[in-house]
Amino acid sequence: MFRFTLFKVFFLGFLCYAHSQPSKNHNQIAFQPTGPSVQTHRLFDDSLSSSFLIFVRDSVAEHFHRSHTEQVIILEGMADMLLGDKALKVLPGDIIYIPQGTRHSAKVTSQGPLKLISIQAPYFDGTDRVIKTAY
């Protein structure tokens, strides 16, 4: 009984917190054709995770992350992706899990930019990204 009540209190607290976060609609954020090749827009974050809407015009350089994992959801566009030693063709609807320390890169193959949501845990501040030239 106590565990169930404690769970209900925790769950209701979580729902209140989740509903207090402002909604962001990725369809309201547009790619800027004259902007940088990779355009990043922070959607949400806390100490446990970060999420971003990312547009890629040409490519993402090969890199890995020392201290976090990443999940990528492809919304629009197509790309050839390197994930560790595997070569993938990514399409809208694909969900890619990138374990901590796994090198990855992407080369856009569609006419328009690659549009994706990136969810990273724990919180991502960019300091653990290691570009290929550094290893």
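Here's a quick walk through this predicted model, from its strands to its cores.

Two notes on the ground rules: residues are numbered from 1 along each chain as its sequence is written. Local features need pLDDT of at least 70, side-chain atom pairs count only at pLDDT 80 or more, totals for chains, interfaces and linings use all residues, and side-chain values use heavy atoms, with hydrogens and water left out.

Five strands form an open, antiparallel one, in the order E6-E5-E8-E3-E10; strands pair here if DSSP finds at least two bridges between them. E6 (86–90) and E10 (129–131) each have a single partner strand, so one side of each is left without a neighbour in the sheet. Inside the sheet, E3 (residues 59–65) pairs with E8 over three bridges, and histidine 63 has histidine 104 of E8 as its bridge partner.

On to the inside. Buried residues, meaning under 20% relative accessible area with a 1.4 Å probe and protein chains only, make up 31% of the 135 residues. The largest nonpolar core has 16 residues, and Val72, Ile98 and Leu116 are among those touching the most other members. Such a core is a set of buried Ala, Val, Leu, Ile, Met, Phe, Trp, Tyr and Cys residues joined through side-chain atoms within 4.5 Å. Apart from it lies another core of five residues, including Phe31 and Leu43.

Notes:
Buried < 20%, exposed > 50% of the residue type's maximum accessible area, 1.4 Å probe, protein only. Helix = DSSP H or I, 4+ residues; strand = E, 2+ residues; numbered from the N terminus.
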